[in-house]
Amino acid sequence: MEIKKTSLFKLHQDNNAKFVEFAGYHMPIQYPYGIVEEHKFTRSHSGIFDVSHMGQLFIYGNNDLIMDLEKIFPLNLRDLKINHSKYSFLMNDEAGIYDDLIITKIEKGFLIILNAACKDNDFKILSKLLNNKYRMVLDEKRSLIAIQGPKSVQILNEIISEVKNLNFMSGKWFIYKEEKIYITRSGYTGEDGFEVSISNELAEAFTKELIGKGAKLIGLGARDTLRLEAGLCLYGHELDKDKTPVEANLKWAISKERMQKGNFIGSDIIIKQLNDGVNKIRVGIRPEGRLIAREKTKIFNQSDLQIGEITSGTFGPSVNGPVAMGYVEKEFSKKNTKVFLEVRGKKHPANICGLPFYKKSYVKGVNK
Amino acid sequence: MSDVKYSKEHEWIKLEGEIATIGITKHATEMLGDIVFTELPEKGSNVQKDGTAGVVESTKAASDVYTPVTGEVVDTNQAIVDDPSKINQDPENTAWFFKLKVKDKSEMDSLMNKEDYDKFAKESSS
């Protein structure tokens, strides 16, 4: 199968990106300034991320659609205001996660942002679940560009005035060069920022404007260290078909109204786990010293019994130390529990810790 | 004439008397990216030619460091353990990894000189 290119491929090339194949796309992993610098620049200034490989699924419909989507997602969608977003999951009957996603209510339906590697399968599953009753468009004609970091609001507002008035996890249609672009205040770095859905034709010109105002292109390498410091899950690592949202410590994303009555896919398991607890749960882990524990590293207790496994681990440039997430047996999930990580045949001490590793600075309620 | 030689695993080795100083090349650091963790062999341990003698990790991945010759580890560079970013800054000088008392100097003969290594590095990265 041919590897796809995003509308910004040439711009990445011109900026001397190193490329990697990711979910069937040529994506920039880093630029010449390197992952650590890119990471720090995003935290202190403003980073641009090409996330056009992600799925932008538009589903059009009215009240019936809302009712049908509530049978799928553990959300209170009838009360969700227009232009407001929620983090959620597409699950199987056992509450295993097919994908994690952001769903936004728009005028004529919903916009769902899906992971690149999952989007085609998600489309099939959702088409089947919705019995092809609604018009569904997995839009390949639009790019998705994230701009993240404390200076992003100022930079973007110079191009699109009034974006500064958006609240966290809400969006709106704006006009750019006489075309409609949809901007949400959201992201995946633990910083204030925006995600911009824009036609492929305008994506490069728009990104160049952001660069002209001081933002810098950032690769997937730094995107991973940023999200890990922010304690955010990456599908295929922290989340997969064998893990539930309760095990992933994401029960906050399940609407309270839906926790009692259920009636969504996987709800029997979710409600059971909410009541009875789970055997394993996602935690943050800080290795002592500078040791980096990567994915699949085994976690042991003080009695040398395996109690879990790391799902992501790297060096956190802003934390200035190693950070990791993983799953451990529930009784070892308390903060400050001492555990041991087996790296290159030796066991190294580490501590269970709270998430995030790096404190978020999302802007909430600018309109209040 | 330079007495520094290079291995196909991108280590450099400088022999002074019986003592060889070993590190990784600038080219290696460019391929690895930002180095954030270093593990060195223990002083007094014996390492075998082409065997593992340490680890470097970037934000992306871990890579083994090999020794181009056999010998006993007589010194290690704690500065690069405390601050691994020094390896990116000055890989072929102050950011050396370890020193060996070399067992058999003839093992140096199979290694590359600078010119051959530069050519090798260029080819292996293209």
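Reader: Why is A:Cys353 called buried?

Author: In this predicted model, A:Cys353 has a relative accessible area of 18%. Buried means under 20% relative accessible area, exposed over 50%, and partly exposed in between, with a 1.4 Å probe and protein chains only; A:Cys353 is therefore buried.

Reader: How do you know that the sulfur of A:Cys353 is too far for a bond?

Author: A disulfide is a pair of cysteine sulfur atoms within 2.5 Å. The closest cysteine sulfur to that of A:Cys353 lies in A:Cys233, 14 Å away, and is therefore too far for a bond.

Reader: What is the closest cysteine sulfur to that of A:Cys233, and is A:Cys233 buried or exposed?

Author: The closest one belongs to A:Cys118, at 13 Å, again too far for a bond. A:Cys233 has a relative accessible area of 6%, so this residue is buried.

Reader: What makes A:Asp99 count as buried?

Author: Its relative accessibility is 0%, so A:Asp99 counts as buried.

Reader: Which side chain makes a polar contact with that of A:Asp99?

Author: The partner is the side chain of A:Asn115, at 2.7 Å. A polar contact is a pair of N or O atoms within 3.5 Å; within protein, one must be able to donate a hydrogen and the other to accept it, and residues adjacent in sequence count only if both atoms are side-chain atoms.

Reader: On what conventions do these values rest?

Author: Residues are numbered from 1 along each chain as its sequence is written, while chains are lettered from A and ligands numbered from 1 in the order in which they are written. As the model is predicted, local features need pLDDT of at least 70 and side-chain atom pairs count only at pLDDT 80 or more, whereas totals for chains, interfaces and linings use all residues; side-chain values use heavy atoms, leaving out hydrogens and water.
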